[in-house]
Amino acid sequence: MRKFIADIKARAKRKPGKIVFPEAAMDDRIILATKKILRQKLAKPILIGKEIEILKRAKKLGVKLDLKRVQLIDPEDSPLTTKYVKEFIKLRGGEEREAWKTVIKPNYFATMMVHMEDADGMVSGTFYTTAEKVRPALQIIKTKEKFHKVSGFFFMMLEKRLLLFADCAINIEPNSHDLAHIALDTAKTAEDFGIKPKVAMLSFSTNRSADHPFVDKVREAVALAKYEEPKLVIDGEMQVDAAIIPEICAKKFPSSKLKGNANVLIFPDLQSGNIAYKLMERLGGYTAIGPVLQGLKKPMNDVSRGCKVEDIVNITAITSLQTQK
């Protein structure tokens, strides 16, 4: 699957987006990733934080930042801050003093940059928790539709296999309607990246082999998704082995349209999705890229706090590509 990420990078290079990184003064990996991003011409990086701290960190790492190609912005000393504070008050209300305190936080300042179109997208997660990343996005960027849920998926890559896992980042205990929309969003995203989606709705049960409220939730989600997108190849409820191994699918779920060839796996809750992707990455040899956030008006993507430098480079390429739409 090296070809997949190589293709993403090639497409990102055609029109690199302005991608803002709010944790540049907090984590060496952002500086090291910036060096690779510039060398590969994947994006136009904007690094948030005190300039002296960023440059000191870069010097320690032996990285020379080309300030003609990288913007360094300190929220506490930027002419943009006053404009952002006024806009934040329009969006959220409140007193100017409190708005100022919020906007100068790197995660909020970077989100305001995307909202005000001074940046095209954002990548964060080496320092901030998921809640600290998603909260500003929901408050400022907002979702594509009023009641739409945000979800996060991973590209899971092995040498000869590419899977999408969702939701592994946001929704702790989605109901059947949530699961259906996570499935539909992930299928649409797969199509956006040139992948024909074959969606499996996962459970501990396959084709009514067990009865339990957890299983009923997944069955209902399948029905809802099929009703909204009747042409989508989607099936469930099913165990993961039946979803991805044709011989097992033939035994457990012979009527399934997936035939054991699913490439989009929708997990019944956050804990199962999050555990699964980390097991596949750490013990199964898969490369995990993401989480890529779905449902927001603009590209705001994430990495795990345990990520590698190359993970940041890869998600930046994806974010840069998303800004071209």
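Me: From which domains does the lining of the largest pocket draw at least three residues each?
Reply: The model is predicted, so local features need pLDDT of at least 70 and side-chain atom pairs pLDDT 80 or more, while totals for chains, interfaces and linings use all residues. Residues are numbered from 1 along each chain as its sequence is written, and side-chain values use heavy atoms, without hydrogens and water. A pocket is an open set of points on a 1 Å grid over the protein atoms alone where a 1.4 Å probe fits, with protein on both sides within 12 Å along at least five of seven lines; lining residues have an atom within 4 Å of a point. With bounds from an automatic or database assignment, the domains that each give at least three lining residues are domain 1 (1-142 + 298-323) and domain 2 (151-283).

Me: Which element supplies the largest share of the lining of the largest pocket?
Reply: The lining has 23 residues, with Lys144, Asp192, Gly295, Leu296 and Gln322 nearest the pocket centre. Among DSSP runs (helices, H or I, of at least four residues; strands, E, of at least two; numbered from the N terminus), H8 and E10 each supply at least two lining residues. The largest share, four residues, comes from H8.

Me: How many residues lining the largest pocket are charged?
Reply: Asp, Glu, Lys and Arg count as charged; Ala, Val, Leu, Ile, Met, Phe, Trp, Tyr, Cys and Pro as nonpolar; the others, Gly among them, as polar. The lining has seven nonpolar and six polar residues, and its charged residues number ten.

Me: How many residues lining the second largest pocket are nonpolar?
Reply: This pocket is lined by 20 residues, among them Leu202, Ser203 and Pro268. H12 contributes four, the largest share. Three lining residues are polar and three charged, while the nonpolar ones number 14.

Me: Which strands lie at the edges of the open sheet?
Reply: Six strands form the sheet in the order E8-E7-E9-E6-E5-E10, with mixed pairing; two strands pair if DSSP finds at least two bridges between them. Those pairing on one side only are E8 (233-238) and E10 (287-294).

Me: Which residue in E6 stands opposite methionine 156?
Reply: Strand E5 (residues 151-158) and strand E6 (residues 161-166) run antiparallel and are joined by six bridges. Opposite methionine 156 stands leucine 163.

Me: Which strands does helix H12 touch?
Reply: Helix H12 (residues 270-282) packs on the sheet through contacts (heavy atoms within 4.5 Å). The strands touched are E5, E6 and E10.

Definitions and conventions
Axes are lines fitted to C-alpha atoms, for helices over the stretch in contact, and angles run from 0 to 180 degrees between N-to-C directions.
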